[in-house]
Amino acid sequence: MRYASTLLAAGVLLAALPAQGETLQDALSAAGLNNPSLEARRDELDIADERIEQARAQRRPTVNLFGGYQYESIDSNRPIAFNLGDRPVASAQIEARLPVYTGGRLNAGIRQAEAGSRVAEAQLDSAGQGLLLDTVTAYVDILRDRQVIDIRKNSISLLEGQFTAASDRFEVGDITRTDVALARARLEGGTAQLAAAQAQLEASLAIYALITGLEAGDLAPVPPLPDVPASFDDALDVALSANPDIEAAIQADTAAREGVALAEGALKPEVSLIGQAGVQEYHVDGFRDTSIVAGAEARVPLFTGGLNTSRVREARLARNQARSQIDLNRRIVRTNVARAWYGLEAATQSVSASERQVEAAELAFDGAREE
């Protein structure tokens with residue numbers, strides 16, 4: 001549901017796009033429906049939910065039915081013996097068992113399974129967010145690469161004109177052969193850049209098809225950049241409080257804590273209520289024996305060769321590992337936010353500088369052409 005709400009929010013954000021060609025909203029919808037990685041995460045969440053049901057089932061009564069059919073042959077040298085001879089015996093027994101006290105093991109198992117479900121939910125949310133980012137990136141990469149190809153083609157046209165002009169000026173003795181060679185080198189360099197841009201476009205198209213399952217057609221422009229936090233600290237606060245990877249690590253720590261309680265519960269006694277009813281039927285003699293048993297059964301672990309205590313130590317180490325993962329995820333998020341924030345600032349400044357560079361280059365080109 002959290003992933004669906006994220007996708008819905010993206011759809012609302014992109015609703016103002018013009019309905020021409022293939023839109024970013026179309027790409028996001030296709031990625032959410034066709035991506036096998038996201039489908040695997042959904043299956044993991046369903047598996048985690050089933051584990052909750054399995055953990056709860058261990059607190060409920062269990063009823064088992066046993067049946068058998070045997071052939072007996074009994075002989076004896078006692079002076080007085082009964083029930084001798086050959087006869088078939090049919091037996092049936094039903095047993096009901098209800099755990100009453102397990103040292104907190106079953107309750108800890110339920111809480112651990114619930115925390116595991118929350119881990120899977122956070123991982124699904126993280127996969128959904130990652131898929132949205134990858135889809136937007138792949139979509140914009142194609143738009144970028146197509147524009148780069150147009151620029152390279154236009155550059156080649158200009159370089160061809162410069163090469164032709166240089167050849168003409170060489171014919172009249174205005175420039176040297178070296179100048180012609182330099183113009184030819186610039187033209188060949190532009191051709192190489194065009195080939196590299198076309199290869200980059202093919203790679204971007206392949207990534208887009210991998211993520212969305214679609215072949216990119218005529219892509220519509222993307223919407224303007226959404227509002228970003230006012231400062232780096234604000235962006236960091238949002239990321240640390242809402243990042244699904246951190247939430248997954250926190251829930252994994254909760255599951256590990258319950259794993260310690262689960263392992264410690266195996267060291268404590270276990271008490272169960274038992275009820276049994278059985279029947280044995282001797283076909284040859286025509287006898288039938290019935291029995292009913294009801295009572296309580298206690299099991300106290302005295303010595304397991306160090307197995308249970310080793311499991312307790314393992315569970316505690318797993319919890320320490322989960323705590324370390326929380327710190328690691330927070331550091332990763334802080335690093336990613338810093339990279340994205342300052343990368344955005346650098347890109348914004350680069351756009352402004354590039355625009356000024358274009359203006360200067362146009363003036364220089366006009367002046368060179370006049371000369």
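**Exercise 1.** Is the crossing of α6 and α8 left-handed or right-handed?

*Solution.* Before we start: this is a predicted model, where local features need pLDDT of at least 70, side-chain atom pairs count only at pLDDT 80 or more, and totals for chains, interfaces and linings use all residues. Residues are numbered from 1 along each chain as its sequence is written, and side-chain values use heavy atoms, leaving out hydrogens and water.

Step 1: find the helices, which are DSSP runs of H or I with at least four residues, numbered from the N terminus. Helix α6 covers residues 232–242 and helix α8 covers residues 307–370.

Step 2: A crossing is right-handed if the near helix is turned clockwise from the far one by less than a right angle, and left-handed if anticlockwise. Here, the crossing of α6 and α8 is right-handed.

**Exercise 2.** Work out how α6 and α8 pack, and sort the residues of their contact by class.

*Solution.* Step 1: take the angle, which runs from 0 to 180 degrees between the N-to-C directions of axes fitted to C-alpha atoms over the stretch in contact. For α6 and α8 it is about 140°, and the axes are 10 Å apart.

Step 1: name it. Under 35 degrees is roughly parallel, over 145 roughly antiparallel, 65 to 115 roughly perpendicular, and the rest oblique. That makes α6 oblique to α8.

Step 2: list who touches (contact means heavy atoms within 4.5 Å). Among them are Phe232 and Leu236 of α6, and Val333 and Trp341 of α8.

Step 3: sort them. Ala, Val, Leu, Ile, Met, Phe, Trp, Tyr, Cys and Pro are nonpolar, Asp, Glu, Lys and Arg are charged, and the others, Gly among them, are polar. You get 10 nonpolar, no polar and 2 charged residues.

**Exercise 3.** Now do the packing of α7 (residues 244–265) with α8.

*Solution.* Step 1: these axes come within 8 Å and cross at roughly 170°. Step 2: that makes α7 roughly antiparallel to α8. Step 3: their contact has 13 nonpolar, 3 polar and 9 charged residues.

**Exercise 4.** Is Ala183 buried or exposed?

*Solution.* Step 2: recall the cut-offs for relative accessible area: buried is under 20%, exposed over 50%, partly exposed in between (1.4 Å probe, protein chains only). Step 3: at 3%, Ala183 is buried. Step 4: check its neighbours; leaving out residues up to four places away in sequence, Ala183 touches Gln162, Phe163 and Ala166.

Terms used: Helices (H or I, at least four residues) and strands (E, at least two) are DSSP runs, numbered from the N terminus.
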